[in-house]
Amino acid sequence: MLGRLVAAGWEVVGEPEAASVLLVNTCAFIQPAVQEAVDTVLALGRHKEADPAKRLVVAGCLVQRYGEELPGELPEVDCFLGVNDFPSLPQILGEPQQGGSRLRHQAPAYGYAGVEPRYRATP
């Protein structure tokens, strides 16, 4: 995801206060991972409360597994992307924020074996 965003002109910043988009890539394989993802979303939701212009995006396994439930449970989230929907993230972020369905987790299976732009997030 970060590789695609950087290739599309987005800048990665280290602090949520400096971000215009708060992006959480989640795992939901085991319950502790689900809890960690939800806790992170809630923590970032407080940054969004302080600056409503920020967009909060949740992507990955949590959305794929619990997608239909999440919009009602996490109203602070602007967009939910399933595991196959991440290629559309730069396009989605380029669109004006809108009401309506915030859940996107129905894309056809994505070929993860292909070459993708990368962004190393760790030293």
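At a relative accessibility of 39%, P117 counts as partly exposed, a class that lies between buried (under 20% relative accessible area) and exposed (over 50%), with a 1.4 Å probe and protein chains only. The model described here is predicted, so that local features need a pLDDT of at least 70 and side-chain atom pairs count only at pLDDT 80 or more, while totals for chains, interfaces and linings use all residues. Residues are numbered from 1 along each chain as its sequence is written, and side-chain values use heavy atoms, with hydrogens and water left out.

P117 is located in the segment that follows strand β4, which spans residues 103–104. When neighbours within four places in sequence are set aside, the contacts of P117 (heavy atoms within 4.5 Å) are with G3, R4 and A7. Although P117 and L5 are separated by 112 residues in sequence, their C-alpha atoms lie 8.9 Å apart in space.

The chain as a whole contains 5 helices and 4 strands, taken as DSSP runs (H or I of at least four residues for helices, E of at least two for strands) and numbered from the N terminus. Of the 123 residues in the chain, 34% count as buried. Among contacts between residues at least 6 apart in sequence, 60% join residues that are at least 24 apart.

The largest pocket holds about 880 Å³ of space. Of the 37 residues that form its lining, the closest to the centre of the pocket are M1, L2, L5, L23 and N25. A pocket is here an open set of points on a 1 Å grid over the protein atoms alone, where a 1.4 Å probe fits and protein lies on both sides within 12 Å along at least five of seven lines, and lining residues have an atom within 4 Å of a point. Helix α1 (2–7) and the strands β1 (21–26) and β2 (55–60) each supply at least two residues of this lining, and the largest share, 6 residues, comes from β1. By residue class, the lining of the largest pocket divides into 24 nonpolar, 8 polar and 5 charged residues.

Turning to side-chain pairs, the count comes to 2 salt bridges, each requiring a side-chain nitrogen of Lys or Arg within 4 Å of a carboxyl oxygen of Asp or Glu. In one of them, the side chains of D78 and K48 meet with an N to O distance of 3.0 Å. This pair links distant parts of the chain, 30 residues apart, with D78 in the loop between α4 (70–73) and β3 (79–81) and K48 in helix α2 (residues 31–50). K48 counts as buried, since its relative accessibility is 12%. D51 forms a salt bridge with K54, and the closest N and O atoms of that pair are 3.9 Å apart. Within the pair, D51 is partly exposed at 31% relative accessibility, whereas K54 is buried, with a relative accessible area of 4%.

The loop between α4 and β3 also holds V77, which is buried, with a relative accessible area of 0%. Not counting residues up to four places away in sequence, V77 touches V41, L56, V58 and R102. The C-alpha atoms of V77 and K48 are separated by 9.1 Å, although the two residues are 29 apart along the chain.

G9, in the loop between α1 and β1, counts as exposed at 64% relative accessibility. Its C-alpha atom lies 9.0 Å from that of P90, from which G9 is 81 residues apart in sequence.

As regards the cysteines, the count comes to 0 disulfides, the criterion being a pair of cysteine sulfur atoms within 2.5 Å. The sulfur of C61 has its closest cysteine sulfur in C27, at 5.3 Å, and this distance is too far for a bond. C61 itself is partly exposed, at 35% relative accessibility, while C79 is buried, with a relative accessible area of 7%.

Methods. Points joined across faces, edges and corners; volume = space filled by probe spheres on them. Nonpolar A, V, L, I, M, F, W, Y, C, P; charged D, E, K, R; others polar.
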